[in-house]
Amino acid sequence: MRRCSRTGCTNAAVATLTYAYADSTAVVGPLATAVEPHSYDLCATHAQHLTVPKGWEVVRPDGDLGPVGPRVDDLEALADAVREAGRQAAQDDDPLAPTGPGAANAATGGGAAAADARRAHLRVLRFPEG
């Protein structure tokens, strides 16, 4: 979970602030999927009460900014993509693997070699203790 960029604020970030200097505009939008240089993550309070210099404009979404997380659709799509990549990797590793309608069941069935091939595309990432 990312935190608000404002000094002293420990609230969760729900929006990303970027500046368009050429247009004298501050843009407050949904939280970016990754931390971007020259942008700031803001909590709902700071995103709603942002002030800008005189002559500048603020662009905000019409709806409420709230915590966003992965939707069920996103999680299902990710799981399907991982499963498909595992099936494809297992077939690519075995040139004698059957093809056709039953290929997915044959590729995932039996043996330690098949299990290793299915997991070859996955990695465990550990978060630093802190």
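I take buried as under 20% relative accessible area, exposed as over 50%, and partly exposed as in between (1.4 Å probe, protein chains only). The model is predicted, and I kept local features at pLDDT of at least 70 and side-chain atom pairs at pLDDT 80 or more, while totals for chains, interfaces and linings use all residues. Residues are numbered from 1 along each chain as its sequence is written, and side-chain values use heavy atoms, without hydrogens and water.

Entry on aromatic rings. I paired rings of Phe, Tyr and Trp (its six-membered ring) with centres within 6.5 Å, calling planes under 30 degrees apart stacked, over 60 edge-to-face and the rest tilted. I got four aromatic pairs by this rule. Y19 and Y21 make a tilted pair, because their ring centres are 5.7 Å apart and their planes stand at 35 degrees. Y19 is partly exposed at 31%, and Y21 is exposed at 59%.

I then looked up Y19 with Y40, an edge-to-face pair with 6.3 Å between centres and 70 degrees between planes. Y19 belongs to strand β1 (residues 15–20) and Y40 to strand β3 (residues 39–42), so the pair ties together parts 21 residues apart in sequence. Strands here are DSSP runs of E, at least two residues, numbered from the N terminus. Y40 is partly exposed at 39%. I noted one aromatic cluster formed by Y19, Y21, Y40 and W56.

Entry on charges. I counted a salt bridge where a side-chain nitrogen of Lys or Arg lies within 4 Å of a carboxyl oxygen of Asp or Glu. I found one in the structure. It joins the side chains of D41 and R2, at 2.8 Å from N to O. D41 sits in strand β3 and R2 in the segment before β1, 39 residues apart. D41 is buried at 9%.

Notes:
Helix = DSSP H or I, 4+ residues; strand = E, 2+ residues; numbered from the N terminus.
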